[in-house]
Amino acid sequence: MGLHILAAIRDATEHRRARQALEQATVKLERQMEIRNAELVRTNAELRQQIAEHAQIEAALRETETLYRQLVENQPDLICRFLPDTTLTFVNTAYARFFDRQPEELVGQRFIEFLCVEDQAEILEQLAAFTPAAPARQYEHKTIRADEVARWHLWNDFAFFDDQGNITGFQSVGVDITGRKRVEEELREAHRFYQQIINSTEDGILVCDANGLFTLWNPAMERISGAPIQQVLGKRPGDLFPFLVEQGIYPLFERAMAGEATTTLDYYYLSPGARRPLWVANNYVPLRDLEGRVIGVVGTVRDITERKQAEEALRKSEERLTLALRAARAGAWEWNAATNQAIWSDDNYRVMGLTPGSVEARYENWLRCVHPDDRAEAEQQVAQAMERTGDLNIEFRVVWPNGDVRWLNDVGEMQFDLTGQPVGMYGIQMDITERKQAEEALAEAEERAQITLHSIGDAVITTDAGAVVDYLNPVAEALTGWSLIEARGRPLSEVFRIINEHTRQPASDPVARCLQEGKIVGLANHSILIGRGGQEYHIDDSAAPIRGRDGRVLGAVLVFHDVTETRQLTRQLEYDATHDALTGLINRTEFERRLARALASAQQYGVRHALCYLDLDQFKVVNDTAGHAAGDELLRQINTILSGMFRERDTLARIGGDEFGLLLDNCPLDRAQLIAQTVVGDIRDHRFHWEGRVYQIGVSIGLTPITADAQDTAQLLTQADVACYIAKEMGRNRVHLYQREDTETVQRHGEILGAAGLRDSLEQGRFRLHYQPIVPLSEPIPHPTRYEALLRVVYKSSEDANTELVLPAAFIPAAERYGMMGAIDRWVIQTAFREYANGVGQTGAQIAINLSGNSLSDETLLGFIEAQFTEQAFPPEQVCFEITETAAIQNLRPARELMAALKRRGSQFALDDFGSGLSSFRYLKTLPVDYLKIDGSFVKDMIENPNDCALVAAINQMSHALGIQTIAEYVESQAIADRLRELKVDYAQGFFFGHAAPWGQLPRTMRSFSIPP
């Protein structure tokens, strides 16, 4: 058996190295452990030190918290903490006391429940608005205390947030500011009180700061200065009102700024914004702070214009009284009862024939001047005035030193004190010698008066106080049928029988009223005198009382005259004013009046009427081929053709050249259509014969119903006109009914109104004013004293076309037809007034403005014109309104009222185109016109046509006789100007002196014309 030996050999080099490394690591670790243990020992010592310090800090905090709690508990401010849902977690004593609770009673409750419902939602909304970026807020709130007393607090709230930004709670401190709020309210009330005083005072009040800038300007200052507050605040007086510097007022203001005492000055000025010149009194007072430094100026401005005017009026009144007394040869005297002394004016000496101051002013000296025969009566009258009546009114004679005897009238009044004792007497002494002489001559004149009464053309009847006849003149005898012998002693009612023309009932007796009322009484209109034999006379009269020297009514005098022919003429004129002169039919003005009544009945009561617009077909053919005489005859025959077709209450009128209007009263639409068709047939079947020729004509009729839906008569006429236009377009000789829903009607209506373009022109500002000079003919080189404002419309047929000016003749008829003249007239008035200051007003001339007939009947026009006077600061005396003769007569009553009102303001009136219309001189006496413009159709041919020249001369002479100045139109040559001057026409207007043009294009000089030798 063999022996085997197994040997294992391992390399231990790495193991040894590892072991050595482990041993080294162990040594290093032990060394680090030792270092760490040493550090732990030091750290432990530091921690023990920190724990000791923290304990000290906690003790200090506890002490601080105790002090803070005591401070919070003793604070008068309300302090609380609460959760986001308003649950209280802490309240101090003051908070609990405010709600009359113990702190422990409030903690855990939601404070929001203590508030009123109105405040709860607002508080919750405010609490939700806190953010980490805005954790605090401050606000004022009023809370009702437990004792029902309201207190104001200034609350300071602060929100607490967690790391996620969510609110964890709130802290709030409320400081009682009730006293401050009360003071603030008192201050506000005081401010309101003083502001009311400042705003309501009649004196202007202003305040400037230390820089001289306005900080207060009350309403009275706005009224006095004309400057609104928004234009004043922040401005300096010298910059805003330069006239203050010019008039030397501003230095006074500057001295007040320098601290001088109040300065006062009365001065007269016209502020650019004021409406009238003013007298004002100024006071400027330095405004100082508590340390006495000037921080501004307080000024008051008082309008003393009325006082100044009163002083001036008193001065002028005294001057006039002195002049009046002197002119009346009267003197003033005064007697003082306490001193028994008198004062005589110089004129009082003179009326007694004495040299002023030659004798002492005493009662005894006056009495010596009285005629011996009148002295006793004079003494008695003076004694009675002093003892009983207090009034003195005596007539007596005085003997002048040179022996002349004069009659004097002494009028005085005794003044008494509160106890009834006389304190003095004041009066005047007048020389009435001439009056006495006149009275003596009166008796002689009475006989001459009887002769005059017998010779005058008016009838005269006199009665006694009982209305018994005592005199008739021959004219009264002829009209009444009673002789003087038969009538004397009879009651006036037997001799003078009058009735009303319309009712035939007895008219009121003017003499009875005169005797009863003691004043002049006129006879009622439409009175007829029934003569003794049954004859009837239209009369016009008045009765006046006859008084004695003592003022008692002794009787009455009745003066009347026969106006039968005048009444007939008046009725004819009234007929002419409502009827067409050619056809005798109703004219357009009266037709529109009746149409307005029909529309009113439709709107008020639902009555249905119908309106027809008739336009003759082929009339132009007759007019052009046979002449105007034939055309006039054809128009006259229209009434004959249609007579008997309509009811008496229906109206057929001529409203244009060959246009007629038919108003069917209370007529259904289907019936109106049948009537219109009948009219078409009758006119179509008519044959017009003229000078051997026969003409066939026709008629196109536009029909529109009159219902409550219609706006006005202008709309109805437009609708009927549109329907008539369509009837013509559709072949003539037919009737077309206006229907709004009809496409053809709508289209044609738009075409007609669009062709005129007037409303668009007015709205788009295409109207213009041109001015033509009116010059006096009395000057060799005339300078215009008036410019007539003439209307133009700017028109372009297309965008590429040149601008044209349309003259009034082309658009005024359409404006009248469509009821636009009122708006156009108002535009002209407003524009002319506005342009005046920078145009005609620079020359001092007047402007003439035309008014249409439509405007004359507009009751609101006067108010509009007066408003424009104020708004445009336009002087009323610088305008002359022109109205045509025809328009004035057709609108007589409103024209007179408008003219009278504006003339009271100082404006003037001219009657335009005189001679072209009715030419009734009678109306000139009733219209208060200042100028009469002679129609140019007479003027332009007066050199070649003697008849025209004679008419111009007659119109001018008649106008001057009535005190009216004349203006000639269409003056186009030197010869016409010279002839007008020879006739003494006052003014001229026409191309010879200047075309109408915009103000800036008018020539600045007028051509001269030769002066006839």
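Predicted model: local features only at pLDDT ≥ 70, side-chain atom pairs only at ≥ 80, totals over all residues.

Tutor: Let's begin with a nonpolar surface patch of about 320 Å², made by Phe 193, Tyr 194 and Ile 197. Tyr 194 sits in helix H5 (residues 178-200). Residues are numbered from 1 along each chain as its sequence is written, and side-chain values use heavy atoms, with hydrogens and water left out.

Student: What makes Phe 193, Tyr 194 and Ile 197 a patch?

Tutor: Patches are made of residues with over 30% relative accessible area and no salt bridge, with nonpolar side chains (Val, Leu, Ile, Met, Phe, Trp, Tyr) joined within 5 Å and like charges within 9 Å. Areas come from the Shrake-Rupley method with a 1.4 Å probe, and for residues only the protein chains shown count as cover. Phe 193, Tyr 194 and Ile 197 make such a nonpolar patch.

Student: How do you know which residues are in helix H5?

Tutor: Helices (H or I, at least four residues) and strands (E, at least two) are DSSP runs, numbered from the N terminus. H5 is the run covering residues 178-200. The protein chain comes to 37 helices and 38 strands.

Student: Why is Thr 143 called buried?

Tutor: Buried means under 20% relative accessible area, exposed means over 50%, and partly exposed is in between (1.4 Å probe, protein chains only). Thr 143 has 9%, so it counts as buried. Its place is in strand S3 (residues 136-144). Across the protein chain, buried residues make up 39% of the 1013 residues.

Student: What does Thr 143 touch?

Tutor: Contact means heavy atoms within 4.5 Å. Leaving out residues up to four places away in sequence, Thr 143 touches Phe 98, Phe 99, Val 149, Ala 150 and Arg 151.

Student: And what makes the link between Thr 143 and His 141 a polar contact?

Tutor: A polar contact is a pair of N or O atoms within 3.5 Å; within protein, one must be able to donate a hydrogen and the other to accept it, and residues adjacent in sequence count only if both atoms are side-chain atoms. The side chains of Thr 143 and His 141 make theirs at 3.2 Å, within that limit.

Student: Why is strand S31 called largely enclosed?

Tutor: Because 9 of the 10 residues of S31 (residues 786-795) are buried, it is largely enclosed by the rest of the structure.

Student: How do you know that S31 pairs with strand S30?

Tutor: Two strands pair if DSSP finds at least two bridges between them. S30 (residues 767-776) and S31 have 8, running antiparallel, and Ile 774 has Arg 786 as its bridge partner in S31. S31 also pairs with strand S33 (residues 846-851) in the parallel sense over 3 bridges, where Arg 786 stands opposite Gln 846. Another 3 bridges join S31 to strand S32 (residues 804-806), running antiparallel, with Val 794 opposite Leu 805.

Student: What makes Glu 536 and Arg 504 a salt bridge?

Tutor: A salt bridge is a side-chain nitrogen of Lys or Arg within 4 Å of a carboxyl oxygen of Asp or Glu. Glu 536 and Arg 504 meet at 2.5 Å, N to O, which is within the limit. Glu 536 is in strand S21 (residues 536-547) and Arg 504 is in the loop between strand S18 (497-500) and helix H19 (510-517), so the pair ties together parts 32 residues apart in sequence. A search of the whole structure finds 45 salt bridges.

Student: Is Glu 536 buried, exposed or partly exposed?

Tutor: Partly exposed, because its relative accessibility is 40%. Arg 504, at 41%, is partly exposed too.

Student: Where do Arg 588 and Glu 592 lie?

Tutor: Both are in helix H21 (residues 588-605), 4 residues apart, about one turn of the helix.

Student: Last one: why is Asp 100 called exposed?

Tutor: Its relative accessibility is 61%, so Asp 100 counts as exposed. Asp 100 also has a positive phi of about 60° although it is not a glycine, and its place is in the loop between helix H2 (93-98) and helix H3 (103-106).
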